[in-house]
Every structure is written in C-alpha cells, then in structure tokens.
Amino acid sequence: MKLVLIGSPGAGKGTQAKVLSKHFDIAHISTGDLLREETSQKTELGLKIIDIMNSGELVSDEIVETLLANRVKRDDCKKGFILDGYPRNVKQAENLPSIVGEIEKVVLISVEDDLIVERMVGRRGCPKCGQMYHIKYNPPKEDGVCGVCGEALVQRKDDNEETVKNRLSVYHKSTAPIIDYYKNKGLLLEISGVGDIDEISKQLIDALEGAR
Ligand SMILES: [Zn+2]
C-alpha cells in the first residue's frame, strides 16, 4: 500500500501516520527525517546537502527524489509506505510515480483552521519533563503547573495565533493545487481530523481497507 498523507500543521498527521504505518506494516517516510538522516551520516550526498543548506539555498527536488528512491528500496517498504510531508507541489506529485511507483491513495486529514488555531495556541509544555497539556482539552490539575513534576508550564513561541495563522495560510496556498491534482486523479480520501484520535484512526483504516 503506497500512501501520501496531507494535512495542515496541527491536524494530527504525525499521530495518524504512526498508526497507519503500524496497522498496515508499511514504512512511515518523512522527507525531513530523510534529510536529517543523510546529513548526520555524512555521506557524499549528505555533505553536499549540508553545503546547500549552509549557503541558505533550498535542497533541490532532484536530491530529495534521490533520497526517496533509495529509501523505498529498504526492507521496511516491502509492503509499502506512507509519505508524510511530500509532495509539496504539483511538479513533485507528477514525478512521484517514476520514483516510488504508483500512489494508491492520498489521505487528506482535514481540520478547520479555527480549530487548529485553538489546538496550537492552547498548548502548554513542561520544560523539565516534557509533559504536554492543553488549557482546554487536557488542563493540568493546578493552573500553569506540571502535574508530573511541579515545574511551571510554558508556551512555545511558535504557538501564538499570528504564527499559526501564517503557517496555515502558507499551507493552504501550497497544498490546494496538490489536493486538486489528486482529486482529479480519483485518489483523494478525505477524513475529518476532528474528534477522538482513536476514532479517527479507525475511520481511516476502515476507509483504506475498503479501498483496497
Ligand atoms: Zn513536568
């Protein structure tokens, strides 16, 4: 099963990718992870990527495509994979089958922007033990204090309304054409990412199994 996963930042894409990867025994591939892995191993290509990044340039499609082509040859991709964070534009989507084979389904996890903003702006984390909270959905027992270790909770800088709204607008601009592209090919499977996480996973798995 070869899948592409699309969704706004904060839509719960990573969580669902892990569930799908486990359920279908397919690899979870993120191009961000691929780049980090290659550069940390200091391969010839990895060193080239470091140079490009240091000079402030964007890593070319060609390089990312090479990494992807190598990645899908690994054993854990025998039953397929789920691509998370790629493709990012229509040209990459058009090239994709020649690199990794035909994509069977493109899963879009959709959550309204207002909800994403509420989810992200309400997040609080413990700087000491890493425990995460949400002021509305998962509040600590005592306001602003970690229930595990008693440390004062903090909000990440990026979790403010303006930054989140900007990220969402960038996402919509770049992703809308990819969504249309896959819709026209009849590959798009849209699932609401609102509600209970386990319930969303179940819906996703049922829909994908029904589509096989
Ligand atoms: Zn803590």
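Student: In this predicted model, what makes one say that the buried residues of H2 pack against other elements, and which elements are they?

Tutor: Packing here rests on contact, which means heavy atoms within 4.5 Å, and the buried residues of H2 pack in this way against strand S2 (27-30), helix H3 (44-54), helix H4 (61-71) and strand S3 (81-84). The buried residues themselves are Thr 31, Leu 34, Leu 35, Glu 38 and Thr 39, in a helix that spans residues 31-40.

Student: Why is S4 called largely enclosed?

Tutor: Five of the six residues of strand S4, residues 105-110, are buried, so the strand is largely enclosed by the rest of the structure. S4 is joined by five bridges to strand S1 (residues 2-7), and the two run parallel; within this pairing Val 4 has Val 106 as its bridge partner. Five bridges also join S4 to strand S7 (residues 188-192), again in parallel, with Ser 110 standing opposite Ser 192.

Student: What makes the site of the zinc ion tetrahedral?

Tutor: Four donors count as tetrahedral if all angles lie between 85 and 135 degrees; the angles among the four donor atoms of the zinc ion are 101 to 120 degrees, and the site is therefore tetrahedral. The donors are the SG atoms of Cys 126, Cys 129, Cys 146 and Cys 149, at 2.2 to 2.3 Å, and in sequence these residues follow the spacing C-x2-C-x16-C-x2-C.

Student: Why is Cys 126 called buried, and why is Cys 129 called partly exposed?

Tutor: Buried means under 20% relative accessible area, and partly exposed lies between that and 50%. Cys 126 has 6% relative accessibility and so counts as buried, whereas Cys 129, at 38%, counts as partly exposed.

Student: Which residues have the most contacts inside the largest nonpolar core?

Tutor: In this core of 32 residues they are Ile 29, Leu 68, Phe 81, Leu 96 and Tyr 182, and helix H7 (residues 161-184) gives the most to the core, with five residues.

How values were computed: Residues are numbered from 1 along each chain as its sequence is written. This is a predicted model: local features need pLDDT of at least 70, side-chain atom pairs count only at pLDDT 80 or more; totals for chains, interfaces and linings use all residues. Side-chain values use heavy atoms; hydrogens and water are left out. Donors are N, O and S atoms within 2.8 Å of the metal (3.2 Å for Na, K and Ca); water is not among the atoms, so sites may look incomplete. Four donors count as tetrahedral if all angles lie between 85 and 135 degrees; four count as square planar and six as octahedral if opposite donors are over 155 degrees apart and all others between 65 and 115; anything else is irregular. Buried means under 20% relative accessible area, exposed over 50%, partly exposed in between (1.4 Å probe, protein chains only). Helices (H or I, at least four residues) and strands (E, at least two) are DSSP runs, numbered from the N terminus. Two strands pair if DSSP finds at least two bridges between them. A nonpolar core is a set of buried Ala, Val, Leu, Ile, Met, Phe, Trp, Tyr and Cys residues joined through side-chain atoms within 4.5 Å.
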